[in-house]
Amino acid sequence: IEERELAVWFLVDTSASCRTGHGKRTKWDAMHEIIALLTLSATRNNDRTGLILFSDRIEQVIPPRKGRLHAMRLLSDILKAEPQGRQTDIQPAIDALAHLARKRSLTFLISDFLFDTNRDQLGVVSFRQDLIAVAVNDPQEVDPPACGLTAVQDSETGATMLCDLNQSHQGHYSRAFAEQRTALKRELEAIGTSLIELQTDDNCAEALTLFFRTRRQRTADETGG
C-alpha cells in the first residue's frame, strides 16, 4: 500500500548453498514461500512483479507484469528452475536489473548471503531502487550442533574439510557466523538498505508482517505522517 502501480523485482540466489537444509524445509523451500507471499501481495495491490534468478550467471529473467496468471507463472518457474551454476556471483544480476528496471522499483534480494558483500556493488542498486535484503539460513549454519569431528562439504565448490564440532570448539563457528552477519548488516546500513533475517523453521508470514509494520511506522515517524 506504500505506492500504487509499483514494479516489484525479485533477485533470487539459486546457487547450490541455497538449496541445502537439514530440517523439514530447505532454504529453497523457505525462499519460495517468501516470494509467494510477496508476489501475491503485490498482485493484490495491482503491482507488476518481475524475477531474476542468478547463481554465478543469469539463470532466468521474467519481465514484470500484472495479474494473477503472471504471478502463478512466476512461482511455477521458480519451482521448476534447474540452475546451471553452483556458485554465487551477484554482479550479473545487478547488471540485468540496471538494464531492465528503468524506473525506481521495490527490489528484494533473496539469498543466504554466505558470500562477501561489496558496499559499492550493492550501493548501485540501493541508489536507484528501494532495495530490501532477505537472508535465509539453516539453523545449523547459525548454531552448528556439537557432534565431534565432522566432514563438511562446501555445496558450491564440492571441497571437503574436517571440522571439530565438539562443545569446546562449537562456539567458534557460531561466533564466525555472527561476525559475518554483523559485517553484512554494517555494509547494508551504510547504503541505506534494510535486512530481513529468517531461518528455515521461522514463520515467514509473521516475519514479513513484522518487518513491513516496523518499516511503515519508521516512515511515518520520519515524515510526521
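Here are legends for a few close-up views of this predicted model. Residues are numbered from 1 along each chain as its sequence is written. Local features need pLDDT of at least 70 and side-chain atom pairs count only at pLDDT 80 or more, while totals for chains, interfaces and linings use all residues; side-chain values use heavy atoms, leaving out hydrogens and water.

**View A. An open sheet of six strands.** The order is S3-S2-S1-S4-S5-S8, with mixed pairing (strands are DSSP runs of E, at least two residues, and helices are runs of H or I, at least four, numbered from the N terminus; two strands pair if DSSP finds at least two bridges between them). At the edges sit S3 (58-65) and S8 (194-199), each pairing on one side only. From one strand to the next, the twist averages 15 degrees (angles run from 0 to 180 degrees between N-to-C directions, with axes fitted to C-alpha atoms, for helices over the stretch in contact).

**View B. S4 beside S5.** S4 (residues 106-111) and S5 (residues 130-137) run parallel, joined by six bridges. Look for Phe-108, whose bridge partner in S5 is Ile-132.

**View C. Helices on the sheet.** H1 (residues 27-44) packs on the sheet and touches S1 (7-13), S2 (48-54), S4, S5 and S8 (contact means heavy atoms within 4.5 Å). H6 (residues 167-190) lies across S5 and S8, at about 155 degrees to S8.

**View D. H1 against H2.** H1 and H2 (residues 68-80) pack at about 170 degrees, with axes 10 Å apart. That makes the two helices roughly antiparallel (angles over 145 degrees count as such). Among the residues that meet here are Trp-28 and Leu-40 in H1, and Met-72 and Leu-75 in H2.

Key:
Parallel < 35°, antiparallel > 145°, perpendicular 65-115°, else oblique.
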